Amino acid sequence: MDFDFLNELNENQRAAVEYTDGASLVIAGAGSGKTRVLTYKIAFLLKLGIHPVSILALTFTNKAAREMKERIAQLVGEKTARYLWMGTFHAIFSRILRVEAEKLGYTKNFSIYDTHDSQSLLKTIVKEMKLDDKVYKASALHSRISNAKNNLISPKMYAADGELCKNDRIIKIPDFAQIYATYCARLRSADAMDFDDLLMQTNILFRDHPDTLAKYQEAFKFILVDEYQDTNFAQYLIIKKLAEKHEHICVVGDDAQSIYSFRGANIDNILKFKDAYRSTKIFKLEQNYRSTQTIVNAANSLIDKNENQIPKKVFSENPKGEQIIVNTAFTDIEEGSIIANKIVEFSEKYEYGQIAILYRTNAQSRVIEDALRKKAIPYRIWGGLSFYQRKEIKDVIAYCRLVSNHHDHEALQRIINVPARGIGDTTLAKLADAATAQSSTVWDILLDLPRYNLPINAGTTQKLSAFKEMILNFSEKIETLSAYKLLAEIVKTSGIIADTYSDKSPESQSKRENVEELLTAVHQFCETREKDNQTTSLPEFLAEVSLLTDQDTDKDDKTPKVTLMTIHAAKGLEFKVVFIAGLEENLFPSSFCNTPREIEEERRLLYVAITRAEEQCVISYAKSRFRNGTTSFCNPSRFLENIDEKYLDRESIGENSSEFFRKNDFWMDNNRFVPKESLPQNNYSKKRLSEITPDKTSNPNQNSTYADATTVKHSIFGIGKVVETNFEAGNEKVIVDFGAKGTKTLLTKFAKLEVIV
DNA sequence: TCTTCATAGTTTTTT
DNA sequence: ACTATGAAGA
């Protein structure tokens with residue numbers, strides 16, 4: 001047998017890979033080849049003859065699962081790798097829950113409520129209970145419920161817990177337990193689970209059905225868990241139960257990279273792993289292959305300031321490398337410009353694709369984007385508003401959900417009047433009230449509308465009936481049509497995007513394209529499943545798509561681009577050059593942090609950010625920043641003091657900031673400081689000025705960001721030349737000649753144009 | 001009932 | 001800045 005690939009591992013890595021006797025904990029420092037150990041271990045097991053379906057490998061994101069599967073496929077072949085149980089906790093256990101749904105009182109087509117659905121449901125409940133929605137905020141309630149579920153506290157247990165209820169009274173939400181109970185009841189009647197249910201219901205399944213548990217214990221001979229430091233109690237317990245029989249469990253993680261406690265992740269899971277599994281053997285991977293010595297040492301000097309951690313000494317034998325550059329900017333806008341300039345400088349040595357800009361919050365991306373666009377630096381953003389969160393996509397998905405599960409109330413509520421068909425809020429409220437009164441669902445009311453004698457006029461009754469018939473008609477085709485064909489029919493006959501055909505605005509255009517993109521995705525789904533001789537019904541597509549929240553749009557554009565993303569999203573990735581922006585108090589660490597424990601997590605977050613860099617790391621902060629509608633002054637982050645000064649190179653202090661401040665040479669525009677000259681070739685001051693005092697009589701081009709005849713690139717239309725620009729109601733419009741693709745009018749705030757130099 | 005306009009409230013990180 | 005809700009007009 002061919003085990004040559006093991007030679008690519010160092011001694012510790014290899015030991016971890018080859019150990020298959022009992023439980024093992026792999027403590028893997030940043031860049032120490034954690035993923036490699038995991039993939040090779042799975043490949044090793046497969047080559048030993050273990051059948052892929054008896055290996056369960058759990059990852060933190062869909063992307064991680066996908067990539068790991070690809071790498072394993074390279075080692076053992078695609079045909080074998082395909083059968084691995086590999087995916088996120090949520091994806092894997094939703095699969096199992098669909099199979100076992102009836103045991104828990106759900107159907108196999110249960111809906112999955114996303115965060116938005118959950119909060120919308122909570123709002124309804126708060127309203128129904130006539131509580132103050134300012135005291136009972138949906139987001140706060142939801143995170144509380146999420147917390148409870150992740151700790152496996154059911155509504156009953158919650159209500160019975162004196163401590164918890166007393167605490168609720170103290171923070172003035174005494175009715176929380178009741179809300180929680182109603183929320184769960186509503187989910188159940190809608191035949192829906194929220195994200196946290198996927199873990200909680202799995203636990204209930206395993207608790208109440210020992211035979212089922214035994215079946216999966218037997219099935220999964222080997223269990224591997226990636227990013228174990230970020231598991232919560234519900235996940236811990238699922239693993240514990242599944243692994244009980246064979247204790248062939250291997251978890252990999254790094255306590256120094258635990259950054260998801262806000263989601264219930266419990267760092268104790270990794271710190272106390274050896275207490276949970278008595279046979280535990282611990283492997284430590286301490287050699288960092290990714291980064292320069294300077295970067296590793298700087299990161300170490302930072303993380304040393306944390307009290308709670310497993311002792312380890314990560315080291316690098318790579319070249320010493322450059323120092324970490326620290327830049328100070330006067331404003332957030334200038335920060336963006338400094339970063340853009342630096343990228344231009346680096347671009348002689350590095351490709352854009354090797355550069356990443358990381359930040360604490362998504363909101364920070366905007367100014368950076370602006371700066372990059374000015375310099376014509378191509379970039380792509382990860383996260384933010386993802387494809388599946390767009391209105392039109394959510395609408396289409398809601399149709400699918402209602403078609404496969406008539407009791408999905410959030411879906412029904414969303415689309416009963418999309419497109420407008422004369423069924424307004426009042427009518428829906430009448431239906432919903434009746435449903436609550438009958439303790440059934442709106443759909444049940446619709447099925448037998450005349451019987452309930454609701455005060456709804458004949459016209460509306462007719463419309464409701466038509467809607468019901470339409471959905472029923474779709475539902476009838478679930479078995480006979482593929483997901484693609486059915487979805488195409490839904491899009492066509494429901495008229496969701498009908499109005500966008502008559503409208504030539506870029507918004508409608510992009511709506512249509514997004515829906516078409518979704519159709520392409522379904523098409524691909526069907527094709528792949530057909531190849532594997534699997535069925536391709538709509539509910540099956542839905543089951544997959546409900547958990548595909550982000551970053552599935554890897555449009556295979558070949559052009560190298562600078563990557564922008566939050567640090568959380570960057571976990572597990574690496575880049576030659578990493579910029580970390582916004583190192584300011586109240587931003588990083590976030591102002592939401594109060595306890596030392598929370599500060600430690602933020603410090604770990606910066607540790608994660610720094611250790612993404614292979615060769616160059618550039619940190620920056622601004623002295624003033626536009627946030628929440630106002631400009632506020634900020635102080636440099638305390639974490640800057642935490643990094644040993646000898647690894648830092650503080651550049652360009654005051655070079656073009658404080659001086660300008662002194663000279664008063666900046667615009668104070670809408671409470672925002674805009675340095676006049678600090679940005680090379682910038683048009684900000686002009687642009688801003690034009691926005692305050694739109695002057696239609698003057699030549700509009702003078703105010704524009706895009707001069708006439710500028711060559712620009714549009715993601716869809718390609719390369720074109722600017723013909724005309726103007727401002728209308730503060731919106732910048734450009735007319736661009738795309739040659740063969742025609743001349744288009746674009747709103748610059750929607751169309752992301754790149755300036756081509 | 002739908003559309004438009006105005007106002008208010010809110011912004012950490014994600015499956 | 002941006003969205004989400006509410007009020008007024010069509």
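The model described below is predicted.

**Contacts with DNA strand B**

In total, 26 residues surround DNA strand B. The closest are Arg-263, Arg-360, Gly-422, Thr-426 and Thr-427. The residues of this surface divide into 15 polar, 6 nonpolar and 5 charged. On the DNA side, 53% of the atoms within 4 Å of the protein belong to sugar or phosphate, and the rest belong to bases.

**The sheet**

The protein contains an open sheet of 6 strands. Their order is β3-β2-β6-β7-β1-β8, and the pairing is parallel. Strands β3 (85–88) and β8 stand at the edges; each has a single partner strand, so one side of each is left without a neighbour in the sheet. On average, neighbouring strands of this sheet are turned by 15° against each other, with direction ignored.

Strands of a sheet pair through backbone hydrogen bonds, and the pairing can be parallel or antiparallel. One pair here is β2 (residues 55–59) with β6 (residues 222–225), which run parallel and are joined by 4 bridges. Within this pair, Ala-57 stands opposite Leu-224 in β6.

Helices pack on the sheet as well. Helix α1 (residues 11–18) touches β1 (24–28) and β8, and its direction makes about 150° with that of β8. Helix α5 (residues 89–100) lies across β2, β3 and β6, running at about 120° to β3.

**Tyr-277**

Tyr-277 is in the loop between α15 (273–276) and β8 (281–285). This residue counts as buried because its relative accessibility is 1%, and the cut-off for buried is under 20%. Leaving aside residues up to four places away in sequence, Tyr-277 touches Ala-23, Ile-239, Lys-240, Ala-243, Glu-247 and Ile-249. Tyr-277 and Glu-244 are 33 residues apart along the chain, and their C-alpha atoms are separated by 8.9 Å.

Key:
Residues numbered from 1 in each chain as written. Chains lettered and ligands numbered in written order. Predicted model: local features only at pLDDT ≥ 70, side-chain atom pairs only at ≥ 80, totals over all residues. Heavy atoms only, no water. Helix = DSSP H or I, 4+ residues; strand = E, 2+ residues; numbered from the N terminus. Buried < 20%, exposed > 50% of the residue type's maximum accessible area, 1.4 Å probe, protein only. Contact = heavy atoms within 4.5 Å. Pairing = 2+ DSSP bridges. Axes fitted to C-alpha atoms, helices over the stretch in contact; angles between N-to-C directions. Near = heavy atom within 4 Å. Nonpolar A, V, L, I, M, F, W, Y, C, P; charged D, E, K, R; others polar.
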